[in-house]
Amino acid sequence: MVALRQLGKRVFKARWAYFFILPNLIFYAVFFLLPVAWSMVLSFLDYQWWGIEFVGFANYSKVFADPIFWKAVVNTAYYTLGVVPLWLGKALIISALIFPFRKPLQTFFKAAFYLPHVTSAVILSMIWLWIYNPPFGLLNYVLGFFGVDPVAWLGNTLTAMPSLILMQVVMGGGSSIVLISAAMNGIPTYLYEAAELDGARPFQVFMRVTLPLLKPTLLYLVVTGTINSFQVFTNIYLMTRGGPQFSTTTIVYMIYDTAFKQFQFGPASAMAMVLFVLTAIFALVQFRWLGQEVEY
Amino acid sequence: MLVDDKKTRTGHYISFVLLLGAAALALLPLYWMVVTALQQPTLTVTFPPEWFPSNPTFLNFSRFLERPHVFRWTTNSLLISLAVTGVQVFTCAMAGYAFAKKQFPGGNFIFYLYIASMMIPGQVTLVPLFLIMSRLNFLDSYWGLILPGIAGPFGVFLMKQFLATLPTELIEAAIIDGCGEWQTFVRVILPLAKPGLAVLGIFTFMGQWNEFLWPLIVTNSSSMRTLPVGLALLQEELPMQYGLLMAGATFAAIPMIVIFLMFQKYFLKGITVGALKG
C-alpha cells in the first residue's frame, strides 16, 4: 500500500514526462503495437467478411504445406545471400579507397554513392526495367559489343533473381559507405603509426588494424542489411511480379499477394509471423554479437 | 595521411580513378533515366541508344504532365509527406526530450519497447492496419494514407540521441529563470534541437515521398494515388513507352535529389546518428 502510494507520488511528480511522450505513444500504440498484436491473433483466425472463426494452427499448417511458400523462403534467402555480402564488400572497398583523401573529396564521393538512395525503389525499378529490356535495353546493347546475344534478363528463371541482386548491388551501399567511413575516421591514428613503425604494409594494416576495429560497424550493417533484404517487395512488384514460375517470389511479395489479391487474411498473417520470427532471430544475434564492444 | 613519396601518389591516382569509375557506374542508371526522358518520343525505342541526346526535348515531360491525375498524385504525395513530417517531428521531439532528460517510472521500459519494435518488419502490420482503416472508413482517404506513417519508432530514437547531447544545466537554468515545463521545451529545447529536427524532418519526408507498399494497398481510386503508386500503374498500363515513363520517373526523383544536394550534411549526419549500436 505504502509502495503503491510512493509510486503514485513518483508518477505524479513526473507527470510532465508522461505528457511529453503521450502524443507519440498514442499513435505508436494504435498504429503499430496494436496491429502487431492483432497480426498474431489473426494468424490463428479464419477471417472472412461473413464471419470470424478460431482455427488454431490451421493457417500455419496450410502455409507450411504450400510448396510456393517454401520457394519464397528459399528465394528470400537467395536474394539476401546475394545482396548482403556483395553490397557490404563493395562498401568496404570503396570506404577504404576514399579514406586517404582529403575531407571535401571524401564528402563528394560519399554524396555520389548515396545519391541513388534518395530516389524511391519504384523509380529505380522503372529505370532497370528499361536497362534490362531484351531488344532495346542498355545492358544487351553494351553486351552486344562483346558478342553476347540478347538475354531476357527478367524473363527466365535462371537470370531473374541474379538480375534483381545485381541492380541492388550496383545502386546500393551508399549509407554503408557513410557509416564505415565514420568508423574509420574514429580509429586513432597512433594505431596506424605504430603499425607502420613495425613495418606493416598497407594491406597488412588494413587486415590487421582497420578490419578488426570495424567489426561492430560491419556486424551492424550485416544485420540491418539482412533484415532489409528480407523485406524486399517494391523491386519484385514492379519488375517480375514474383515470376517467372515463382522464381522471384519472396516472403513479403507472397504476403501481399495472399492478403490483398486473394484476401486470405489468416494465412497472410501466419506468413507475416514467420517473417517476424526470422527477423527477430537475426536481431537477437546482433545484440549478442554487438554486446561485446571493441576497445581501442 | 600525407602524400609524401612517389609510390603513395601513384596509389592515390589509381584509387581516384577506381572511385570515379564506381561512382559513375552507380549514377549511370539515373543519368540514363534523364537521357531517355529527354529523347524525342519516337527515338527511345530505336536502336542503337544515344549516350547524349542529339535532339533533346521536353516533349516526354509535357506528355507525362498531361496524363490524367498526374497533378493530383503530386499534390497527394506532397500533402501526405508534409503532414506526416510535421506531426512526426513535433511528437518525436517531445517524446525524445522526455526519454533523454527525464526520469520517470516505466520510462526505460517504454523506450526499450520502441527500440525493440524497430526490429519488427513493418509488413507485419499491413493486414491489421488495412482492417482498422476499413473499420474506420479511412480506406482510399488522406487519413488512411497519413495515420500509419506517424507511428514509426525510429524518430523517437533519433531525437533521444540528439537531445541527450544537450547539457542538462540549460534546462535547470531555464527552470530557475521561471520557465514552465512547456516553455522550457518550446523556448529552450526546440531552438537548440534544430539540427536534429532537420535530420528527422528530411528523413521522414524522404521516407513518405518514396513510400510504396502502404499507399498501394490503402488507395484504389486513381485520384487518391501517390506519385510512386501512380508511376507503377503507368508502368503497367504503358510498359513500352519508355520516354514517357522515364520522364515521370525523373519528375518524381527531382524533388528528393534537390533536397539532398541542398541539405547533404544533414543526410550524412542522420545516417551516423540513426545507426543503432548495441
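**Entry 1: a covered helix**

Which residues are buried in H5(B)? I looked them up in the model, which is a predicted one. The buried residues of H5(B) are B:Leu126, B:Val127, B:Pro128, B:Leu129, B:Phe130, B:Leu131, B:Ile132 and B:Met133. The helix runs over residues 126-135 of chain B, and eight of its ten residues are buried. I wrote it down as mostly covered.

Next I went past the end of the helix. B:Asn137 follows H5(B), and its place is in the loop between H5 and helix H6 (142-146) of chain B. B:Asn137 is not a glycine, yet it has a positive phi of about 60 degrees. Is B:Asn137 buried or exposed? With a relative accessibility of 67%, B:Asn137 counts as exposed, because the cut-off for exposed is over 50%.

**Entry 2: another enclosed helix**

I then turned to helix H12 of chain B, residues 227-237. Why is H12 described as largely enclosed by the rest of the structure? Eight of its eleven residues are buried, so the description follows from that count. I listed them for myself: B:Leu227, B:Pro228, B:Val229, B:Gly230, B:Leu231, B:Ala232, B:Leu234 and B:Gln235.

A reminder for reading any such list: an α-helix has 3.6 residues a turn, so residues three or four places apart point the same way.

**Entry 3: chain B as a whole**

How many helices and strands does chain B have? I got 14 helices and zero strands. Reading along the sequence, I wrote the pattern as α-α-α-α-α-α-α-α-α-α-α-α-α-α.

The C-alpha atoms of chain B fill a box of roughly 75 × 70 × 35 Å along the principal axes.

Of the 278 residues in chain B, 52% count as buried. I also noted the contacts in chain B with a separation of 6 or more: 72% of them are between residues 24 or more positions apart. The accessible surface of chain B is about 12,700 Å², and carbon and sulfur atoms hold 67% of that. As for charges, chain B has 16 positive and 12 negative ones, and their mean positions are 3 Å apart.

**Entry 4: chain A as a whole**

Buried residues make up 51% of the 296 residues in chain A. Of the contacts in chain A between residues at least 6 apart in sequence, 68% join residues at least 24 apart. I put the accessible surface of chain A at about 14,300 Å², with 69% belonging to carbon and sulfur atoms. The charges of chain A are 17 positive and 10 negative, with mean positions 12 Å apart.

**Entry 5: a loop in chain A**

I picked the loop between helix H13 (234-239) and helix H14 (251-260) of chain A, where A:Thr248 is found. A:Phe246 lies in the loop between H13 and H14 too.

Is A:Thr248 buried or exposed? It is buried, with a relative accessible area of 0%. I left aside its neighbours within four places in sequence and checked what else A:Thr248 touches. Its contacts are A:Asn75, A:Ala160, A:Met161, A:Leu164, A:Ile236, A:Thr240, A:Gly242 and A:Gly243.

A:Phe246 counts as partly exposed, at 42% relative accessibility. Its phi is near 60 degrees, a positive value in a residue other than glycine.

**Entry 6: where the chains meet**

Last, I looked at how chain A and chain B touch. I counted 92 residues of chain A in contact with 97 residues of chain B. Which residues of chain A lose the most area to chain B? They are A:Phe20, A:Phe31 and A:Trp130, together 10% of what that side buries. Between them, chain A and chain B bury about 8,900 Å², with 82% of it on carbon and sulfur atoms.

Note on methods: Residues are numbered from 1 along each chain as its sequence is written. Chains are lettered from A and ligands numbered from 1 in the order in which they are written. This is a predicted model: local features need pLDDT of at least 70, side-chain atom pairs count only at pLDDT 80 or more; totals for chains, interfaces and linings use all residues. Side-chain values use heavy atoms; hydrogens and water are left out. Helices (H or I, at least four residues) and strands (E, at least two) are DSSP runs, numbered from the N terminus. Buried means under 20% relative accessible area, exposed over 50%, partly exposed in between (1.4 Å probe, protein chains only). Contact means heavy atoms within 4.5 Å. Accessible areas come from the Shrake-Rupley method with a 1.4 Å probe; for residues, only the protein chains shown count as cover. Lys and Arg count as positive and Asp and Glu as negative; His and the chain ends are not counted. The place of a charge is taken as NZ of Lys, CZ of Arg, CG of Asp or CD of Glu. Buried area is the accessible area (1.4 Å probe) that two parts lose on being put together, summed over both.
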